[in-house]
Amino acid sequence: MAATLKDATAIVGIGQTPFARQLDASEKTLACRAIVAALDDAGIHPSEVDAFASYTMEETAEVEIAKAIGAGDVTFFSQVGYGGGGSCATIAHLALAVSTGQATVGVAWRSRKRGSGPRPWRNTRTQLPTPGQWTRPYGLLRPADEIAMLARRYMHEYGATRDHLFNVALACRNRANQNPAAMMYERPLTREMYMGSRWISEPLCLFDNCLETDGALACVVVSAQRARDCRHRPVYVHAAAQGLPSQHHGMVNYWTDDPLTGPSWTAARHLWKHADFGPQHVDVAQIYDAFTPLIPLSLEGYGFCRRGEGAAFSEGGALEIGGRLPINTAGGGLSEAYVHGFNLINEGVRQLRGSSTAQVPDATTCLVTAGEGVPTSALLLRS
């Protein structure tokens, strides 16, 4: 019988720093604080950590983190590329390592000072990646510009409107208004504010874009057997997947046969193939939301509705608590913090522990997704 990841490991600890536009501590210090908090949450001493997983964009190296927290001998370490597309894959890599005996206690983390740091696209000294050589000289300088092109195509093809994008922004803001840790706590959003805000890259306005955040988060992964002895109810990694479609070009995926079929479709097929339940059984979802159009695209890719129906899915409060599919219940990247999607993982854990500030009643299953539009990853969590 083939080996399987299904429920073999669990997330037993989560930690995070405060989120703000500017924090004084270094990225290394923030990373260590989040990791130590996650280990304390799990009741595991730092000396037991023997595995690390992070992003290729992470500026804090395993060598320095391991020394700073007092880890023991490390027998597994990995990094995942493509920015926010790698968030869930860090947990998947640790689950693979722990379930195959390569490690016993794994830590995944993301630390970033994007709020107070430089904008990456302002760096003109490095050679552009190949896709960028065909787009950035013509004005697609930022991720917002690249997604705006996809959003306009989606609106043209399927009749999506700015009101549909507002539904996404509002659902995330409403949940952040319940979350004291969110950057947008106690800062309500109205339709008038949304429609009257400035363009960032038409058709995307200010509130269609994620926050700029300083902060760090971390998770601890152990075997299902050990998880039973940790401090909190285990949240099992039921299934995991990564997705890179054939002939994909990243967010500038305009010249493929179907630009609106993104990496989520590839990841979803693999994810559901290895799961004991389907989209109709997901109680709550934490869907990567660097930009509002990524939500309808992901709803379609992960099978919650048919092609072209993601925008209409958002109508009638469907994304709110009590709706068809509550999403991003801590506020997501649009309204809690933007740390390349790692806060979505931590919130998925809180939902299944029953400790979210916007708790979905009796939630036992949660989908967490990484960035759509880039090579991506996803997790199915269960309690």
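How many cavities of 30 Å³ or more does the count come to? The count comes to 2, where a cavity is a set of points on a 1 Å grid over the protein atoms alone at which a 1.4 Å probe fits but cannot get out. The model is predicted, so that local features need pLDDT of at least 70 and side-chain atom pairs count only at pLDDT 80 or more, while totals for chains, interfaces and linings use all residues. Residues are numbered from 1 along each chain as its sequence is written, and side-chain values use heavy atoms, with hydrogens and water left out.

**View 1. The largest cavity.** This cavity has a volume of about 70 Å³, a volume being the space filled by probe spheres set on grid points that are joined across faces, edges and corners. Lining residues have an atom within 4 Å of a point; among them here are L150, H248, M251, E372 and G373. By class, the lining has 6 nonpolar, 5 polar and 1 charged residues. Ala, Val, Leu, Ile, Met, Phe, Trp, Tyr, Cys and Pro count as nonpolar, Asp, Glu, Lys and Arg as charged, and the others, Gly among them, as polar.

**View 2. The second largest cavity.** About 40 Å³ of space lies here. The lining consists of A151, Y154, M155, A160, L165, P293 and P296, which divide into 7 nonpolar, no polar and no charged. Helix 5 (residues 143-158) gives the most to this lining, with 3 residues; helices (H or I, at least four residues) and strands (E, at least two) are DSSP runs, numbered from the N terminus.

View 3. S197 lies in the loop between helix 7 (191-196) and strand 5 (199-201). At 14% relative accessibility, S197 counts as buried, a term for under 20% relative accessible area (1.4 Å probe, protein chains only). Leaving aside neighbours within four places in sequence, S197 is in contact (heavy atoms within 4.5 Å) with C205, L206 and F207. The side chain of S197 also reaches the backbone oxygen of Y194 at 2.9 Å.

View 4. With a disulfide taken as a pair of cysteine sulfur atoms within 2.5 Å, the count comes to 0. C219 is in no disulfide, and the nearest cysteine sulfur, that of C88, is 9.8 Å away. The sulfur of C366 is 9.3 Å from the closest cysteine sulfur, in C88, and therefore too far for a bond. C219 is buried, at 0% relative accessible area, and C366 is buried at 0% relative accessibility.

Methods: Buried means under 20% relative accessible area, exposed over 50%, partly exposed in between (1.4 Å probe, protein chains only). A polar contact is a pair of N or O atoms within 3.5 Å; within protein, one must be able to donate a hydrogen and the other to accept it, and residues adjacent in sequence count only if both atoms are side-chain atoms. On a 1 Å grid over the protein atoms alone, a cavity is a set of points where a 1.4 Å probe fits but cannot get out, and a pocket is an open set with protein on both sides within 12 Å along at least five of seven lines; lining residues have an atom within 4 Å of a point.
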